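Welcome, and please take a look at the structure below.

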Number of protein chains: 2
Amino acid sequence: MASEFDLIRRYFTRPVQRAVLGVGDDCALWSPAAGMMQAISTDMLVEGRHFLAGTDAQKLGRKSLAVNLSDLAAMGADPRYALLAIALPSADEKWVEAFARGFFALADRHGVELIGGDTTCGPLNISITVIGEVSQAHALRRDAAKAGDEVWLSGATGSAALALAHQEGRTRLAGRDFEACFARLDDPEPRIALGARLRGIARAAIDISDGLLADLGHIAERSDVCIDLFADRLPVADALRNCPDAALRLACIAAGGDDYELAFTAPVDEHAAIDRIGVELGLALTVIGGVISGEPDVILRDAGGNRVKLDRSGFDHFGA
Amino acid sequence: MASEFDLIRRYFTRPVQRAVLGVGDDCALWSPAAGMMQAISTDMLVEGRHFLAGTDAQKLGRKSLAVNLSDLAAMGADPRYALLAIALPSADEKWVEAFARGFFALADRHGVELIGGDTTCGPLNISITVIGEVSQAHALRRDAAKAGDEVWLSGATGSAALALAHQEGRTRLAGRDFEACFARLDDPEPRIALGARLRGIARAAIDISDGLLADLGHIAERSDVCIDLFADRLPVADALRNCPDAALRLACIAAGGDDYELAFTAPVDEHAAIDRIGVELGLALTVIGGVISGEPDVILRDAGGNRVKLDRSGFDHFGA
């Protein structure tokens, strides 16, 4: 059976390009660009919690990195490096090879070097750390929203949650809707290019991993502002539009997680610039509400301006 | 029940001192010191593999960080930041509080700021990433050993492995020996001060986590040299000296893991300087062999110069 060291050497060790020292020493080493801040984030994915047992290893390799890169995107940072710590039930070489293929396909696309990690035996657990760079003046922090800002969303939310609802038997997807929703769930696209383009334009940003309302709640709390959303301005993907269950539809769009779109706030006078960015990237960017003064909260209103009641707690890993 | 966000806020969120932005945003941000390389390492600890179920949470919090800091020590880097990704079977607040206490006790002693992480539900798994700084000229890399160097070891190896042997019923420890061995196993001391003092003096360094021979084997391979060790020069802790089983004794000293001492190579003309460092730190530093030209290998010799046969594979997480 292949040993831990063999597997690392065979599938995860590549010559470094930008880093000074990669996999194979006590630490990896890199020289930061002069004057740039280093941005770092870590996400742990557990079998049975974040993905089903038996999930395709290649897809999993890609998604594990994608959800981490999404955090760099939400900070406006350029991705540079990744570390991969992984616990495997057994040294299944085919699985590791497929996982590495998925991981590096996305890493290469974003110029990310795998410079370190750890491999051990245990219940399947993937813990990735990503490092990026951003100038201090341009980092898109959660605490930077200001009253008067518009609130924007890239793409549309809810498709990944609708795929989950299908898996759990709460709705039935077929054909194109099935394809589209599971593509979003299994293969999210980190909005790296958007995050980079928003530097110097947007104020606060966050990626939608736990649900639109819950994640915007973090901006509201950290920025000490209230966020006013208009339900009829929330973009609706085709699969959601075709969903006959109106309550499920709204729950997916407003509180479903795993979409990895960016929500961000920006001054009104950046509106035209943001519209242009959307056109250039071929990515829908929609104003879904505004930032107002008041107690930190996220309020969803219907067309008449009345508050829509909805559980805004989003996804909590220890919740019911 | 406390939620994920509550637990993070309550036990792992502290105001940052050195970092620009800590826990609570998509990424943490820090400004590297001008001209310094950033060193990073990650270690994953799995229940049942790296520690027993029911291990005291405070000790575990300390040790989880210690084994990571040990990698920074082996690179000669000054510790700066840590990220903690943790999967917990349940949101057991008392456990988390004790774990955080152990973690921060060691972090504070080494000026380490916890700037990010992830908390999720799953089989107990602790994945820590540490970041340090070192100048490019002074990093203690595994590939820097040269023929003619002396090979040094801090402290003594084998006590942690002897504690494990006791746990598994392969030997019986009592009294002071029991205390000493379990202190090494549960509460290893990362040799941060030693690593820092060896900058500009030692060439290659590694921390002994998988066993002396196996870890020195990494230096041999990366530096393309042969390491010649003399069995009778290996330091022997009291508990090992009292062990009646000579084969177990040698196996613990030469191939036992989990000691987190530093092994390093240095030019002979640094011998006196290293002796002084040992005195100043109150830490035994012993020459245990030399670096010679030849195929990458680690050879252990008895007093007569004959090769001692021993499984040098050390600890492999997928091994038997």
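Let's begin with one residue pair: Cys226(A) stands opposite Ile292(A), which belongs to strand 10 of chain A. Please keep in mind that this is a predicted model.

**Strand 8 and its partners**

- Strand 8 of chain A covers residues 226-230, and strand 10 of chain A covers residues 285-292; the two pair in the antiparallel sense over four bridges.
- On pairing with strand 11 (residues 297-301) of chain A, strand 8 of chain A runs in the parallel sense, over five bridges.
- Phe230(A) has Arg301(A) as its bridge partner in strand 11 of chain A.

**Helix 2 against helix 3**

- Helix 2 (residues 57-75) and helix 3 (residues 93-109), both of chain A, pack with their axes 6 Å apart and at an angle of about 40°.
- Helix 2 of chain A and helix 3 of chain A are therefore oblique to each other.
- Their crossing, that of helix 2 and helix 3 of chain A, is right-handed.
- From helix 2 of chain A, the residues making the contact include Leu60(A), Gly61(A), Leu65(A) and Leu69(A).
- Helix 3 of chain A contributes residues including Trp95(A), Phe99(A), Phe103(A) and Leu106(A).
- By residue class, the contact of helix 2 with helix 3 of chain A divides into eleven nonpolar, four polar and three charged residues.

Terms used:
Residues are numbered from 1 along each chain as its sequence is written. Chains are lettered from A and ligands numbered from 1 in the order in which they are written. This is a predicted model: local features need pLDDT of at least 70, side-chain atom pairs count only at pLDDT 80 or more; totals for chains, interfaces and linings use all residues. Side-chain values use heavy atoms; hydrogens and water are left out. Axes are lines fitted to C-alpha atoms, for helices over the stretch in contact, and angles run from 0 to 180 degrees between N-to-C directions. Angles under 35 degrees count as roughly parallel, over 145 as roughly antiparallel, 65 to 115 as roughly perpendicular and the rest as oblique. A crossing is left-handed if the near helix is turned anticlockwise from the far one by less than a right angle, and right-handed if clockwise. Contact means heavy atoms within 4.5 Å. Ala, Val, Leu, Ile, Met, Phe, Trp, Tyr, Cys and Pro count as nonpolar, Asp, Glu, Lys and Arg as charged, and the others, Gly among them, as polar. Two strands pair if DSSP finds at least two bridges between them.
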